[in-house]
Amino acid sequence: MQAVLFSFSNRGGKLSAAVGRFLEVLGYEAECYTLPKFADADETLIATSDYKAVCAEAFATADVLVFVGAAGIAVRTIAPFVKSKTTDPAVLVIDEQANFVISLLSGHIGGANVLARKIADEIEAQPVVTTATDVNSLFAVDEWATNHDMVIGDMNAAKEFAAALVDGKTVGFYSDYPLAGALPEHVECAESGEIGVAITTDSTKKPFDTTLTLIPQIVHLGIGCRRDTPFEKLEAFVLSQLEEHGYDLRSVKNIASVNLKMNERCLMLFMDEYNLPGVFYSAEELQEAQGDFTPSEFVKSVAGVDNVCERAAVLASGGKLTVKKIAHNGMTLAIAEEPLTIDFEN
């Protein structure tokens, strides 16, 4: 994770450096920029005479931007780059006297609200959070989804869901996965209704008139294929099977296979096309997978283990198979899911 900080005075530079060090404790790689005449305030400060150009690059690549100074400077600097709450980085403003830490942009999905509170606690300041659900002490569904590795299926539905809560309405909750603990206030279990949230890997499920679908990224695809299988052939096979078995592609967390396939062109192209990581196992590791798998003597003669796709999917997921081996024209696919329990109190 990357954080970029900006300051515009000697006092601001010192505070920026201190906050940068705290962010590094939280796991960020922090870069602290200031104007050249203030760069001596701390050894970690980086001098720049064009902070707007630095911001332009950082806005596209960093996870967090922190401005130590006036909120107006931050607003004018980031204004040309603001696009979407789903992609914009978290932006925070801290006054140079360290009185307030303001969550300015991407409070929920970008994590600015949570970070504002953490920084404020560290420097003994007051966090300033203005998002409607937070000021009304209501469930912030987009923040919760982001923190629990779930994809928000439709941002318009997310806005309507939040608006309903702010208006004092009760919204519905549906899940394909077990629930532990209590639901948030004004949220109740339902199979239908005007508006609600559905946690499912099948985005075609719409139990409510307005359904906010949250797609958990818990699906692991075990894949095997003959050498030099064309990418288009593999792509069509995998996508069709996902659709047939009710899986949104956005629920897929990674691709798993035997290490003999780690440089297989069609797999590399598929992972690159859909921005999916790959994990590859030795025959010995695959053999250690626990479960009832579909054996193949041919696969064993080639890979050294009697099944690749099912075993790889199970190992990658740490869970169980939901779709057993499907073989088609020299390709195999199995699907496994991580264990998931929905807990709104964690």
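The model is a predicted one, so local features need pLDDT of at least 70 and side-chain atom pairs pLDDT 80 or more, while totals for chains, interfaces and linings use all residues. Residues are numbered from 1 along each chain as its sequence is written, and side-chain values use heavy atoms, with hydrogens and water left out.

The protein holds 12 helices and 17 strands (DSSP runs, H or I of at least four residues for helices and E of at least two for strands, numbered from the N terminus). Its C-alpha trace spans about 70 × 50 × 35 Å along the principal axes. Of the 346 residues, 51% are buried, meaning under 20% relative accessible area, with exposed set at over 50% and partly exposed in between (1.4 Å probe, protein chains only). Taking contacts (heavy atoms within 4.5 Å) between residues at least 6 apart in sequence, 59% join residues at least 24 apart.

Glu24 sits in helix α1 (residues 10-25), and it counts as partly exposed because its relative accessibility is 44%.

Gln241, in helix α8 (residues 231-244), has 12% relative accessibility and therefore counts as buried. Beyond its neighbours within four places in sequence, Gln241 touches Ile326 and Leu333.
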